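Work through the exercises below with the structure open beside you, and try each task before reading its solution.

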Protein chains: 2
Amino acid sequence: MIKTSVPDSHTKEKIFMAASEIFEEKGYTGARMQEIADRAGINKALLHYYFSTKEQLFKAVFQVLLKKMFEKIFSIFSEEISFKEKIRRFLDEHIEFMIKNPKLPIFLLNELSQNPALLQEIREMVNYQELRDMIYTRHAKELKGYGIRKNDMPQLMVTVVSFSIFPFAARDMLTVIMPQMDDAKKFNAFMRERKEFATDFVVTALKHRKK
Amino acid sequence: MIKTSVPDSHTKEKIFMAASEIFEEKGYTGARMQEIADRAGINKALLHYYFSTKEQLFKAVFQVLLKKMFEKIFSIFSEEISFKEKIRRFLDEHIEFMIKNPKLPIFLLNELSQNPALLQEIREMVNYQELRDMIYTRHAKELKGYGIRKNDMPQLMVTVVSFSIFPFAARDMLTVIMPQMDDAKKFNAFMRERKEFATDFVVTALKHRKK
DNA sequence: ATTACTTTTGACCAGTTGGTTAATCAATTT
DNA sequence: AAATTGATTAACCAACTGGTCAAAAGTAAT
């Protein structure tokens, strides 16, 4: 009898993937170590061999998923393009990213509200000087032209980000006023339409801002 | 010894309140029947005397909280005022409502994504004919003036709603790019500023819409 | 005071859950 | 081939969790 003995000693990775899926789907409290082990195709004891506790496994998964989200945002805003172009690029790429990870926002938002300390690691990662430069200083002239004061930037940034994230987080709720969104394809089409809608919306609002 | 025997046989209400708080805070899977009983100041057996199962208690609480949210939205959009005025009123009143119930959105969104069937009851409550009238038909002329086609309405409605809901749902996450929002007072001030910002933003975008 | 009914309680239970342990298996080294 | 080391497993455990039950306490009517 030939032993399979595949060189798939990537057991740890299999566990990590299984855990990512299940945590993302059911949250920390809803996830079961047994189910994670099952999906990874291993024994529960082996799970604890690689990740000693549920909390440790969760934190590892959470940090990776959280970074995935922020890296996508930061990478676009750090490019050397105009502010308006950043918004356009962001809405395009981030919505595509969300279509591929539709469950990510509710998961992150919920776990974060349950345990805000989870942000710590990412907070330490962020260089505020650089961040302020990326989203404000570097575009001071352009923004002044729109009548946007430094004071308004937080409002504007939250608005832009919410254009892409909110509909995914609130998807089920939105079906109350938009029943057709029940269908995944229609919802994705709606979100792709939203790229243009949001860009126009923001650009128009900026251009004609009362000063 | 005088028995207290207060006429506070509103035990069921006390349970309901305690359950609302704890479910809202920890979600369905995170909540513990024992903790709910403790907060209501009663025995766990008595809890099951009034609400036979955790699921039943949860559904009762959830439906009430969900309705609270939708009623607030619907009531404003059913008033006899212009569309622009509806948006203004909505942003004002809904943001004040959210300041009083900041944990509501993440809770509703998360539980809904975990169990979409929870929407059923509210779906049956909604009259789509009336809803379409409220947010579109009744304002057909006004909307045409802005160059808003019937097709754009879903995008616009989602945008308006997200202005007030998203920051509350994403509050912890937002502190990564806005550390000062850690403070509740500053956050509320930010949201009150947002009323005007959002109204201007939407109105300006509408007024100068490319047609 | 006795009866009848509802409310409240302490003790208990079966199933679940995260986590442990001692043993087995596989690979590498000596 | 014996020994050493790491990977994997089955069986087990203590704590927790939702839920039950029979008895006690309180209330109202006869």
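The exercises that follow go from one chain to the contact between two chains, and the model they use is a predicted one.

**Exercise 1. The fold of chain A**

Task: Find how many helices and strands there are in chain A, and then describe the extent and burial of the chain.

Solution: Begin with the secondary structure, where chain A turns out to have 12 helices and zero strands, so that the pattern read along the sequence is α-α-α-α-α-α-α-α-α-α-α-α. Next take the extent of the chain, whose C-alpha trace spans about 75 × 45 × 35 Å along its principal axes. Then turn to burial: of the 211 residues of chain A, 50% count as buried. Finally, consider the contacts in chain A between residues at least 6 apart in sequence, of which 67% join residues at least 24 apart.

**Exercise 2. The interface**

Task: State the area buried between chain A and chain B, and work out which parts of chain A supply the side that touches chain B.

Solution: The size of an interface is often given as the accessible area lost when the parts come together. Here the area buried between chain A and chain B is about 5300 Å², and carbon and sulfur atoms give 70% of that area. On the side of chain A, the residues that lose the most area to chain B are Gln155(A), Met173(A) and Val176(A), which together account for 14% of what that side buries. The contact itself takes 58 residues from chain A and 58 residues from chain B.

For polar links, count 12 residue pairs in polar contact between the chains, both residues being at pLDDT 80 or more. Several helices of chain A each supply at least two residues to the side that touches chain B, among them helix 1 (11–30), helix 4 (54–77) and helix 12 (184–207). Helix 10 of chain A gives the most, with 12 residues. Sorted by class, this side of chain A has 35 nonpolar, 12 polar and 11 charged residues.

Note on methods
Residues are numbered from 1 along each chain as its sequence is written. Chains are lettered from A and ligands numbered from 1 in the order in which they are written. This is a predicted model: local features need pLDDT of at least 70, side-chain atom pairs count only at pLDDT 80 or more; totals for chains, interfaces and linings use all residues. Side-chain values use heavy atoms; hydrogens and water are left out. Contact means heavy atoms within 4.5 Å. Buried area is the accessible area (1.4 Å probe) that two parts lose on being put together, summed over both. A polar contact is a pair of N or O atoms within 3.5 Å; within protein, one must be able to donate a hydrogen and the other to accept it, and residues adjacent in sequence count only if both atoms are side-chain atoms. Helices (H or I, at least four residues) and strands (E, at least two) are DSSP runs, numbered from the N terminus. Ala, Val, Leu, Ile, Met, Phe, Trp, Tyr, Cys and Pro count as nonpolar, Asp, Glu, Lys and Arg as charged, and the others, Gly among them, as polar. Buried means under 20% relative accessible area, exposed over 50%, partly exposed in between (1.4 Å probe, protein chains only).
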